[in-house]
Amino acid sequence: MCNSYCRAQPPQPPPEGTDALTVQPRVVIVGAGIVGCALSDELTARGWTDVTVLEQGPLFATGGSSSHAPGLVFQTNSSRTMTEFASYTVRKYSALTLDGQWCFQQLGGLEVATTPERLAELTRKHGLAASWGVPGALLDPGQCVALHPLLDRDRILGGFHVPTDGLAKAVRAGEAQARRAIGRGARFMAHHTVTGIGSANGRVTAVVTDQGSFPADVVVSCAGFWGPRIGRMAGLAVPLVPLAHQYARTSPVPALAGCNTGELEASKPILRHQDRDLYYREHGDRIGIGSYAHRPMPVDLGEVPAPGGPVMPSMLPFTKEDFEQPWADSQALLPALARARVDEGFNGIFSFTPDGFPLLGEAPELRGFWVAEAVWVTHSAGVARAMAQWLVEGTPRTDVHECDLNRFEPGQLAPAYVHRRGCQNFVEVYDIIHPLQPMEDPRPLRVSPFHARQRDLGAFFLEASGWERPHWYEANQALPEVAGIPGRGAWASRYWSPIAGAEALATRERVAMYDMTALKRLEVTGPGAQAFLQYLTTNQLDKPVGSVTYTLLLDETGGVRSDLTVARLGPGRGCGERWQLGANGNLDLDWLIRRLPSDGSVQVRDTTAGTCCIGLWGPLARDLVQPLTDADFSHQGFGYFRAKQAYLGNVPVTAMRLSYVGELGWELYTTADNGQKLWDTLWEAGQSLGIVAAGRSAFNSLRLEKGYRSWGTDLTAEHNPYEAGLGFAVRMDKGDFLGRDALLGTTEETVARRLVCLLLDDPRAVVMGKEPVYADGAPAGYVTSAAYGYSIGASIAYAWLPRAAADPGRRVEVEYFGERLPATVTQEPLFDPKMARIRR
Ligand SMILES: Cc1cc2nc3c(=O)[nH]c(=O)nc-3n(C[C@H](O)[C@H](O)[C@H](O)COP(=O)(O)OP(=O)(O)OC[C@H]3O[C@@H](n4cnc5c(N)ncnc54)[C@H](O)[C@@H]3O)c2cc1C
């Protein structure tokens with residue numbers, strides 16, 4: 001057998017509009033599944049034509065997951081990014097053919113409800129589709145049956161239909177893309193098993209196979225569920241679990257006789273019955289059934305058959321006993337199956353990650369080694385395009401922070417954690433998941449030094465980056481404010497308590513303690529620290545020691561990669577310059593480390609785990625803190641956006657006069673060992689002032705009353721500062737900084753969209769985020785964050801809207817579970833616009 005897929009055509013020049021590269025990086029892609037093939041196409045289309053794809057199996061039915069994927073593509077996802085990936089896959093594969101044969105059949109996708117809860121969930125999903133620009137419709141049972149006549153009309157309550165969903169032929173689409181890549185100069189090598197990754201000085205240099213070595217400047221592992229094995233060769237922990245998932249085909253179904261002949265394969269919409277964890281497609285006159293209704297079946301890579309044998313490595317024997325209930329449920333939903341039987345089946349392997357998102361990006365410690373794994377056929381083209389943009393242009397044009405390989409905290413890479421969460425994601429794949437719902441196991445993982453005290457106060461914990469984070473405290477049930485807090489709808493009431501409202505009001509009226517430990521803290525030191533931070537951020541940091549600055553990290557395109565508070569703390573013992581950064585997560589650390597100067601003049605350290613923070617906020621915050629310290633905490637002695645080292649009682653703290661809730665107060669940082677003492681000191685001192693411990697739920701409401709954005713939710717790298725209302729943090733006149741060139745000529749006035757504040761007419765109608773916003777009756781944008789504003793007695797939603805619909809006073813509608821809620825674009829901030837409460 002030929003070992004390589006020989007060049008069918010002479011190399012083609014790069015397409016128009018792509019700069020021909022003088023020096024071609026040598027790219028090696030591991031794996032010729034759908035992801036590797038799609039990436040080869042996207043890279044070569046951008047002019048990177050020195051691409052070698054190494055595949056352990058044959059081409060193009062390699063034996064990996066893509067070889068047997070039934071190829072259902074449902075686009076709508078709660079993640080905007082994942083939906084965008086899927087929509088690009090639909091567009092791209094719809095236009096692809098292989099030797100005249102189709103690669104994508106736009107049959108439509110139908111998800112049916114057999115329970116009222118699912119029907120409500122599909123209504124919500126319809127809203128998500130509208131938010132992300134996917135046309136879809138809610139159907140009654142009769143309309144569902146009209147589209148899919150095999151359905152039992154009496155069993156279903158309704159459905160959600162997306163006409164552009166459909167079936168992808170994964171192997172065919174893979175080969176069609178590979179051929180285009182080959183036409184531009186790529187080569188595909190079958191039966192080449194990668195056995196090692198060569199490196200020197202922290203960079204990849206080669207990929208080693210059983211047939212020899214391939215020099216490489218860039219390696220992209222697209223090895224699917226084999227990813228962890230390739231990762232290990234590069235010293236990288238790839239957090240995915242290979243899990244088996246059942247797929248079966250029936251015998252011919254009499255009701256389908258003559259329906260789908262020849263090339264057609266299928267004519268009815270692809271179908272999901274998520275109340276029973278099942279999905280369906282036609283295979284001519286048979287039905288294919290996929291089931292997630294069984295126990296998780298993690299697969300040890302050592303037990304996967306070798307490629308090239310009699311069975312495909314990714315196809316394990318069918319365990320019939322796991323299919324008994326799914327078969328009964330299928331016959332109930334599709335009564336025509338009563339006249340058929342299960343003819344064949346297999347337990348197919350593919351990848352699950354701890355949070356259900358793919359793994360995309362460059363290894364933290366081996367430059368040039370990239371990963372694109374845990375990707376469904378559904379998202380394959382979109383992922384490949386983003387990866388190619390990232391590699392060739394430096395930045396993906398779609399926000400990929402949810403999928404970034406480097407998003408995990410060290411504890412989240414523990415094999416036991418990856419295994420448990422991966423399995424749980426399999427179990428929950430079709431479940432109705434509330435946006436705030438955490439996984440229950442393994443927990444607790446990370447706890448702040450205040451944890452014991454918080455438990456004593458009846459904290460209701462949710463999880464953030466592995467941290468247990470209080471959302472409210474049951475101990476506050478006795479607060480008089482609780483009785484006056486308005487109720488809300490059933491969905492918005494989950495993971496919520498009126499106690500949160502009382503905590504918010506207590507913050508505005510008295511003083512409250514917030515555990516801010518979960519927020520990432522970084523220390524930047526060294527003689528080059530100031531120049532380094534000045535170049536990477538947008539605001540002016542050249543200020544005296546003791547200054548704190550709110551600033552942005554931009555990418556080369558001017559997109560906001562993160563927002564930071566940067567405190568200049570002055571010389572520490574043994575180090576010159578010392579800066580403390582309040583960051584958003586691990587990706588910030590990764591961003592900074594990748595850009596460190598090579599001369600060793602700057603060091604970046606993650607100090608989060610060894611430190612802790614209490615936000616002490618409220619009009620009585622100064623009355624509480626001043627008697628505890630000799631340091632001057634007066635307005636004159638300790639100005640807004642200033643930092644100071646001090647002792648509060650026996651506790652050494654770094655105090656920063658900042659407030660994310662819009663009240664007088666300080667973020668008080670100390671080392672973990674002093675944390676409980678800090679809590680106790682503040683708690684005792686606050687008793688006479690009516691102090692409360694307050695949680696994240698109150699915090700979120702207070703921040704939205706003040707218009708403070710949350711990166712990752714309200715804005716991402718897809719937005720520039722002016723669109724996001726953060727132009728005040730950009731100092732174009734401070735000198736050069738990363739992203740500055742891309743912002744030239746951009747102002748608040750020139751942007752095409754804006755993040756705006758909406759007030760809902762009905763104050764009791766609290767929404768959750770991601771709902772579509774309609775202007776003049778048509779979908780125009782979507783909600784990012786939302787909360788009830790307890791101090792203003794109104795329901796707040798921040799939303800992206802086109803410039804033309806973004807002026808204050810503009811009437812719009814927010815769709816929530818199918819209901820259009822009237823709202824008005826409102827001047828922000830809603831609370832204390834003159835900042836009188838903070839600056840005093
Ligand atoms: C039963 C089943 C049903 C599914 N249904 C759907 C569906 O309906 N819709 C959908 O979107 N997704 C579906 N999926 C998921 C989908 O199939 C996968 O997520 C997708 O195919 C993964 O593509 P990939 O290219 O990343 O991986 P793969 O197709 O597995 O490709 C990885 C390649 O890497 C090669 N490789 C690995 N190690 C080496 C090495 N050391 N050296 C050289 N080559 C190596 C492998 O041989 C393989 O060809 C299903 C999966 C299963 C199992």
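The secondary structure of this protein, a predicted model, comes to 18 helices and 44 strands. Its radius of gyration is 28 Å, close to the 28 Å that the globule rule gives for 840 residues, so the protein is as compact as a globular protein of that length.

**Overall fold**
- Along the principal axes, the C-alpha atoms of the protein fill a box of roughly 85 × 65 × 50 Å.
- Among the 840 residues, 61% count as buried.
- The protein exposes about 30700 Å², and 51% of that area comes from carbon and sulfur atoms.
- Of the contacts with a separation of 6 or more, 72% are between residues 24 or more positions apart.

**Shell around the ligand**
- There are 35 residues around the ligand, and Glu55, Thr62, Ser66, Val375 and Thr378 come nearest.
- By type, the shell divides into 19 nonpolar residues, 15 polar residues and one charged residue.
- At least two shell residues each come from α1 (34–45), β17 (241–250) and β23 (342–352).
- With four residues, β23 gives the most to the shell.

- Valine 375 has a polar backbone atom 2.7 Å from an oxygen atom of the ligand.
- Leucine 72 places a backbone N or O atom 2.8 Å from a nitrogen atom of the ligand.
- Valine 35 has a polar backbone atom 3.1 Å from an oxygen atom of the ligand.

Definitions and conventions
Residues are numbered from 1 along each chain as its sequence is written. This is a predicted model: local features need pLDDT of at least 70, side-chain atom pairs count only at pLDDT 80 or more; totals for chains, interfaces and linings use all residues. Side-chain values use heavy atoms; hydrogens and water are left out. A residue is near a molecule or strand if one of its heavy atoms lies within 4 Å of it. A polar contact is a pair of N or O atoms within 3.5 Å; within protein, one must be able to donate a hydrogen and the other to accept it, and residues adjacent in sequence count only if both atoms are side-chain atoms. Ala, Val, Leu, Ile, Met, Phe, Trp, Tyr, Cys and Pro count as nonpolar, Asp, Glu, Lys and Arg as charged, and the others, Gly among them, as polar. The radius of gyration is taken over C-alpha atoms; the globule rule is 2.2 Å times the number of residues to the power 0.38. Buried means under 20% relative accessible area, exposed over 50%, partly exposed in between (1.4 Å probe, protein chains only). Contact means heavy atoms within 4.5 Å. Accessible areas come from the Shrake-Rupley method with a 1.4 Å probe; for residues, only the protein chains shown count as cover.
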